[in-house]
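Please study the sequence and the structure before working through each solution.

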Amino acid sequence: MSRPEVIVAPTGVANLASLLAALERAGARPRLAGPGDDLARAERVVLPGVGSFGAATRALSERGLVE
């Protein structure tokens, strides 16, 4: 069985190393989103740090991932 790819949006307000490791342990293939990634078309997206929504939104905007 293939491992599903999970795109992680780098919000700058979460411990990405721990999150990526947890996704690996859960059987996923996590990948950090980069500029130009179309998150709307991804099958699985993790948006970490939603408790810090304002800071997360600013970080995503700076990385060109808001649209």
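A salt bridge is a side-chain nitrogen of Lys or Arg within 4 Å of a carboxyl oxygen of Asp or Glu. The model is predicted, so local features need pLDDT of at least 70, side-chain atom pairs count only at pLDDT 80 or more, and totals for chains, interfaces and linings use all residues. Residues are numbered from 1 along each chain as its sequence is written, and side-chain values use heavy atoms, with hydrogens and water left out.

**Exercise 1.** Determine how many salt bridges the rule gives, and describe the pair R31 and E5.

Solution. 
Step 1. Applying the rule gives three salt bridges.
Step 2. One of them joins the side chains of R31 and E5, with an N to O distance of 3.1 Å.
Step 3. R31 belongs to strand β2 (residues 29-32) and E5 to strand β1, so the pair links distant parts of the chain, 26 residues apart. Strands here are DSSP runs of E with at least two residues, and helices are runs of H or I with at least four, numbered from the N terminus.
Step 4. R31 is partly exposed, at 34% relative accessibility, and E5 is partly exposed too, at 32%. Buried means under 20% relative accessible area, exposed over 50%, and partly exposed in between, with a 1.4 Å probe and protein chains only.

**Exercise 2.** Which element holds E24, and which segment holds R3?

Solution. 
Step 1. The side chains of E24 and R3 form a salt bridge at 3.1 Å, N to O.
Step 2. E24 lies in helix α1 (residues 16-25), while R3 lies in the segment before β1 (5-8), 21 residues apart.
Step 3. E24 has a relative accessible area of 39% and is partly exposed; R3 is likewise partly exposed, at 38%.

**Exercise 3.** Is E43 buried or exposed?

Solution. 
Step 1. E43 forms a salt bridge with R44, their closest N and O atoms being 3.6 Å apart.
Step 2. With a relative accessible area of 71%, E43 is exposed, whereas R44 is partly exposed at 36%.

**Exercise 4.** Which helix gives the most to the lining of the largest pocket?

Solution. 
Step 1. Helix α2 (residues 53-62) gives the most, with four residues.
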